[in-house]
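Me: I'd like to go through the labels given to some residues and see what each one rests on. Shall we start once the model is up?

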Amino acid sequence: KVADVEWLEAAGNYVNLHIKGRIYPLRATLSQLIQQLSSKGFCRIHRSYGINLECIATITPLPSGDSEILLHSGKRLRLSRRFKDSFKVLLKT
C-alpha cells in the first residue's frame with residue numbers, strides 16, 4: 001500500500017521504496033514517482049529523497065540552512081535548502 005511507504009531513495013534509474021525496514025526497488029525516477037504520489041502526501045525533500053509527510057516525527061533546523069527530519073521509524077533524512085520552500089507549503093496544507 002502507498003500509505004506504508006515511509007520514504008523514497010533515488011538509485012540511478014531506480015527508486016528504493018522504504019517500507020517497515022525493508023527496501024523494494026522500483027524502476028522509475030524519483031521525479032516521476034513524486035509527481036504520481038504528491039496527491040497521496042509525498043514530497044521531495046532532497047535531490048535523492050522523497051518522504052511521506054505522515055511519517056514525520058520532528059524537524060530540526062541546522063546552522064547550514066538545511067534541516068534534519070526524523071521519521072517515526074528513527075531514520076534521519078536531510079531536508080535541503082533547495083526543497084525547503086515547497087516542503088513548507090505542502091506541510092501547511
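Me: Why is Arg 78 called partly exposed?

Reply: Arg 78 has a relative accessible area of 37%, and buried means under 20%, exposed over 50%, partly exposed in between (1.4 Å probe, protein chains only), so Arg 78 is partly exposed. A word on the source: this is a predicted model, where local features need pLDDT of at least 70 and side-chain atom pairs count only at pLDDT 80 or more, while totals for chains, interfaces and linings use all residues. Residues are numbered from 1 along each chain as its sequence is written, and side-chain values use heavy atoms, with hydrogens and water left out.

Me: What makes Asp 66 count as buried?

Reply: Its relative accessibility is 13%, which falls under the 20% limit, so Asp 66 counts as buried.

Me: Why is the contact of Arg 78 with Asp 66 called a salt bridge?

Reply: The term asks for a side-chain nitrogen of Lys or Arg within 4 Å of a carboxyl oxygen of Asp or Glu. Here the closest N and O atoms are 3.6 Å apart, so the pair qualifies.

Me: What makes Asp 66, Arg 78 and Arg 81 a network?

Reply: Asp 66 also meets Arg 81 in a salt bridge, at 3.6 Å from N to O, and salt bridges link these three residues.
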